[in-house]
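This report walks through a model of two protein chains, from the relation between the copies down to single residues. It is meant to be read alongside the coordinates.

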Protein chains: 2
Amino acid sequence: MKSSFELEQVEKFKKIPQGKGVVLGPGDDAAILAGCRKDERLVFCGDMSIEGVHFDLKQATLEDVGYKAVARTLSDIAAMGARPLYMGFSLAMPRSHRTRIDQIMRGARELLDSTGTSLVGGDLSYAPQIMCDTWGIGVVKRGKYLTRAGARAGDLLYVSGPLGGSYQSRRHLRFVPRIKEAAWLSANIPVNAMMDISDGLALDLYRMMTDSGTGAVLYADTIPFNSGCDIFQALYDGEDYELLLSAPAGHRRRLENHGFTAVGEVTDDNRLMLRMPTGKTRALRVKGFSSLS
Amino acid sequence: MKSSFELEQVEKFKKIPQGKGVVLGPGDDAAILAGCRKDERLVFCGDMSIEGVHFDLKQATLEDVGYKAVARTLSDIAAMGARPLYMGFSLAMPRSHRTRIDQIMRGARELLDSTGTSLVGGDLSYAPQIMCDTWGIGVVKRGKYLTRAGARAGDLLYVSGPLGGSYQSRRHLRFVPRIKEAAWLSANIPVNAMMDISDGLALDLYRMMTDSGTGAVLYADTIPFNSGCDIFQALYDGEDYELLLSAPAGHRRRLENHGFTAVGEVTDDNRLMLRMPTGKTRALRVKGFSSLS
């Protein structure tokens with residue numbers, strides 16, 4: 001679970017006064033900015049990937065390191081319902097590794113190329129361990145961006161794929177950011193809130209419901225989990241990078257036909273509950289994987 | 001001087017094929033991007049500031065660290081003739097320092113606020129040493145951005161202030177990015193090429209002349225240097241973050257009235273020369289401070 005210290009930092013960051021042109025400041029998956037065409041908004045966000053914190057080289061290849069650094073930021077852009085355009089990549093590494101930059105950038109380029117994202121800038125320096133920091137710019141139709149804050153009581157909650165076991169299976173190194181799924185949603189479904197699941201369904205649901213001022217009941221018997229996992233791993237493992245979204249109940253069939261799974265419903269109180277297969281509900285425990293905890 | 005390894009990395013980076021919308025890719029102070037209003041371009045760039053590489057805490061306060069991280073990126077935006085709008089700030093630091101994040105961000109905010117730049121996003125993580133990575137978005141009128149590549153034979157070369165001794169004087173921690181000067185230039189002078197001087201006048205001039213396919217003669221007796229420094233420190237110390245620009249000779253008086261100093265002229269060969277106060281010219285030695293060397 002995120003420490004109170006980290007939550008405090010996020011809260012502080014949210015309170016920074018914002019200038020003209022800032023439609024949505026810090027605190028969501030990305031910022032929403034004016035400065036583009038009248039009918040569009042810019043989406044801007046970044047993520048660090050640090051050796052020993054977000055990956056270790058016993059499990060990850062250098063190609064994986066570059067791939068994951070890009071994937072985390074593209075996942076945030078997708079979570080806003082946006083399309084990625086440009087990326088900047090900062091890389092620091094030990095001098096002894098420097099001939100291996102090509103391997104990191106090969107992994108990065110693989111995903112940048114397949115998503116049509118241009119690598120437009122970078123900085124290179126030295127540090128005792130590998131550190132990547134990727135900042136992305138995307139674009140979204142004005143008024144069509146999706147935050148964590150729009151869920152409404154009566155909505156159903158959906159995820160874009162099975163959860164749990166990402167670290168053990170190495171999936172966290174090679175996950176596919178849900179850009180296509182976000183584009184389809186944007187064109188077809190009046191989604192009320194969306195985010196990517198990076199710290200576990202339970203903690204990320206808690207964030208969405210807190211920002212929306214709503215509660216939720218999750219259905220234990222419908223939450224999809226990866227083979228070899230159980231429901232608790234699906235709730236708490238983290239690093240899934242699937243989309244979590246809240247949409248009016250009427251769109252269930254269409255969403256399910258497109259690979260989304262209804263995993264719960266939004267309520268008008270502030271509680272987070274888990275409905276067990278027996279029909280009984282109990283309080284959902286909120287704890288999550290966090291690389292910062 | 002930059003090692004051949006680093007120059008090779010920059011060259012590789014320049015060769016990355018760029019997608020639609022990329023007006024200017026990697027290799028200059030910043031990328032120039034479409035995606036904004038029809039009559040404008042986005043400017044996008046980032047810089048890492050790493051403890052033990054770009055600063056040490058024997059000399060720098062934590063406020064200085066935050067200030068310098070922001071200043072380096074704003075200087076790059078100014079060097080393109082652009083105006084900063086938004087910034088993302090990634091920060092990694094030892095767990096033992098974490099209560100001191102406020103100090104770093106106070107230094108960052110000081111400069112962000114005074115330049116009207118909105119801090120719109122950030123990432124926070126842990127690392128054995130302090131690492132800041134700042135990515136900025138600016139805006140420039142279409143066709144008005146300034147690269148390193150436009151210098152023309154017959155132009156005069158100017159700098160925006162005195163050079164040398166930045167590290168010893170701690171000026172590198174508290175320099176003022178030349179945003180106002182860049183705005184004045186953009187509105188008043190048909191500048192042909194511009195960049196900020198981060199690695200010493202000699203090396204950065206070499207870069208501008210190489211990218212422009214021109215040569216230059218510097219005037220040893222007009223290069224302004226800081227008190228306590230000599231001409232060689234002005235040429236080679238680095239970390240000045242003054243603007244270096246190339247403009248048609250006819251604008252000299254106006255530029256000098258606005259605090260710019262003519263330091264040389266652009267020639268049509270590929271040589272870099274230094275004209276000594278005696279009137280004799282000799283080859284300019286190109287070596288520069290580089291945090292990566």
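**Relation between the copies**

The structure is a predicted model, and local features are discussed here where pLDDT is at least 70. Chain B is superposed on chain A by a rotation of 180 degrees with 0.0 Å of shift along the axis, and the RMSD of that superposition is 0.0 Å. The two copies are therefore related as by a two-fold rotation axis. In chain B, the C-alpha nearest this axis belongs to B:Cys36, which lies 1.6 Å from it. Both copies use the same surface for their contact, since 100% of the contact residues of chain B recur in chain A.

**Overall form of chain A**

Chain A contains eight helices and 13 strands. Its C-alpha trace spans about 60 × 50 × 40 Å along the principal axes. A compact globule of 293 residues would have a radius of gyration near 19 Å, and because chain A has 19 Å, the value agrees with that expectation. Of the 293 residues, 62% count as buried. Among the contacts in chain A between residues at least 6 apart in sequence, 82% join residues at least 24 apart.

The accessible surface of chain A comes to about 11400 Å², and 50% of that area belongs to carbon and sulfur atoms.

**Helices α2 and α5 of chain A**

Helix α5 of chain A covers residues 179-188, and its buried residues are A:Ile179, A:Ala182, A:Trp184, A:Leu185 and A:Ser186. What do the buried residues of α5(A) pack against? Their partners in chain A are α2, β4 (83-93), β8 (193-196), β10 (243-247) and α8 (252-257).

With a relative accessibility of 1%, A:Ser75 counts as buried. When residues up to four places away in sequence are left out, A:Ser75 touches A:Phe175, A:Pro177, A:Asp196 and A:Tyr241.

**Tyr241 in both chains**

A:Tyr241, one of the residues touched by A:Ser75, sits in the loop between α7 (231-236) and β10 of chain A. Although A:Tyr241 is not a glycine, its phi is positive, at about 60 degrees. A:Tyr241 is also buried, with a relative accessible area of 4%.

In chain B, the residue B:Tyr241 is placed in the loop between α7 (231-236) and β10 (243-247). Phi of B:Tyr241 is near 55 degrees, again a positive value in a residue other than glycine, and B:Tyr241 counts as buried at 4% relative accessibility.

| Residue | Strand | Relative accessible area |
|---|---|---|
| B:Ala31 | β2 (residues 31-33) | 1% |
| B:Ser49 | β3 (residues 40-50) | 1% |
| B:Tyr86 | β4 (residues 83-93) | 3% |

Which residues are in contact with B:Ser49, leaving aside its neighbours within four places in sequence? They are B:His54, B:Phe55, B:Ala69, B:Arg72, B:Ile130, B:Met131 and B:Cys132.

B:Ala31, by contrast, has a partner from the other copy: with residues up to four places away in sequence not counted, it touches A:Val120 as well as B:Leu24, B:Gly25, B:Leu42, B:Val43 and B:Phe44. The C-alpha atoms of B:Ala31 and B:Phe44 are 5.2 Å apart in space, while the two residues are 13 residues apart in sequence.

B:Tyr86 likewise has contacts in both chains. Leaving aside neighbours within four places in sequence, B:Tyr86 is in contact with A:Lys20, A:Gly21, A:Val22, A:Leu33, A:Ala34 and A:Gly35 from chain A, and with B:Thr117, B:Ser118, B:Val120, B:Trp135, B:Gly136 and B:Ile137 from chain B. For one of these pairs, B:Tyr86 and B:Gly136, the C-alpha atoms are separated by 5.7 Å, whereas the residues are 50 residues apart along the chain.

Definitions and conventions
Residues numbered from 1 in each chain as written. Chains lettered and ligands numbered in written order. Predicted model: local features only at pLDDT ≥ 70, side-chain atom pairs only at ≥ 80, totals over all residues. Heavy atoms only, no water. Least-squares fit on C-alpha atoms with pLDDT ≥ 70 in both. Contact = heavy atoms within 4.5 Å. Helix = DSSP H or I, 4+ residues; strand = E, 2+ residues; numbered from the N terminus. Rg over C-alpha atoms; globule rule 2.2 N^0.38 Å. Buried < 20%, exposed > 50% of the residue type's maximum accessible area, 1.4 Å probe, protein only. Areas by Shrake-Rupley, 256 points an atom, 1.4 Å probe, with all protein chains shown as cover.
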